Each structure stands twice: as structure tokens, then as C-alpha cells.
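Here's a quick briefing to read alongside the model. Have the viewer open and follow along.

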Amino acid sequence: MQLSLKTLLCVGCGCFLGGVLRYLTTYFICTRWGITATDMPWHTLLINFGGCLFMGLFCGLSTAGIIESPHLRMALTAGLCGGYSTLAAFAFENTTLLRNGQFLTTGSYILATLLGSLVCFVAGYALANYLARA
């Protein structure tokens with residue numbers, strides 16, 4: 001991995017596009033299907049599936065030598081897919097761990113991510129409520 005201004009700009013541009021695409025996808029799915037805050041979050045599920053699909057596609061194209069530029073690879077994976085769905089990076093990391101035979105690490109990472117994310121969200125929400133009352 002190379003850290004340069006060019007790489008940062010490529011990732012930043014990809015992330016911007018991914019975030020915009022995520023917002024537009026959410027908007028169109030929710031308005032077309034009438035999804036509300038109390039419904040199953042189909043929009044997030046579909047975004048995460050799509051992000052993982054494209055992360056796999058871009059990584060596979062890079063491995064096959066079709067995407068040769070490291071800057072383009074980073075713009076598409078860390079930037080576009082990362083801005084669209086962080087679950088794509090999660091899937092990539094777990095797939096790498098599984099391919100390396102690190103089954104216990106994979107299971108631990110999945111469990112820690114799911115439980116830790118929920119705990120941290122609840123903690124952040126509680127902190128916000130505390131600060132709002134202070």
C-alpha cells in the first residue's frame with residue numbers, strides 16, 4: 001500500500017462518489033418501496049450486498065491484471081466501495097482471513113464486529129443524550 005497525495009485524492013474522489021451513490025440508492029429504494037424507519041432496512045441490506053459484489057469484482061479484476069493502476073484500484077475499492085458500503089471491506093477482510101486458513105480469527109472478527117458495533121452505537125447514543133441534557 002502506498003501513501004501519497006495522489007492516492008489520497010483518488011480514494012477521496014471515489015469515497016465522495018460512493019457516498020453520493022449510497023444516498024441516491026437509499027432515496028430511490030425508500031421512496032419506491034415506501035420504506036419507513038420501522039420497516040426492515042431493505043435499502044441498507046441491498047446497498048451492502050451491492051457493495052460486496054462490486055468489491056469482489058474490483059478485487060478480482062485487479063488480481064487478474066485487468067485493473068493495473070494501483071490508484072484506480074484504491075479509488076474503486078477503498079474509495080467507491082468504501083464510501084458506498086463499509087461492509088464490502090469487512091467481507092474482503094474476512095475472505096482473506098478464510099483463504100489464509102485463519103478460521104478462529106475470522107469468527108472472532110465477525111463476532112467482535114457485530115457485537116462491538118451495536119455496543120458502540122448504543123454508547124454513542126447514550127453519550128449524545130447525556131450531552132444534550134448537560
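A112 is partly exposed, since its relative accessible area is 48% (buried means under 20%, exposed over 50%, partly exposed in between, with a 1.4 Å probe and protein chains only). This is a predicted model, where local features need pLDDT of at least 70, side-chain atom pairs count only at pLDDT 80 or more, and totals for chains, interfaces and linings use all residues. Residues are numbered from 1 along each chain as its sequence is written, and side-chain values use heavy atoms, leaving out hydrogens and water.

**Around A112**
- A112 sits in helix 5, residues 103-133 (helices are DSSP runs of H or I, at least four residues, numbered from the N terminus).
- From A112 to H43 it's 69 residues in sequence and 24 Å in space, C-alpha to C-alpha.

**Helix 4**
- A88, F90, N94 and L97 are the buried residues of helix 4.
- Those buried residues pack against helix 2 (42-63), helix 3 (70-84) and helix 5, with contact meaning heavy atoms within 4.5 Å.
- Just after helix 4, G101 adopts a positive phi of about 75°.

**Helix 1**
- F16 belongs to helix 1, residues 5-33.
- F16 is exposed, because its relative accessible area is 58%.

How values were computed. Helices (H or I, at least four residues) and strands (E, at least two) are DSSP runs, numbered from the N terminus.
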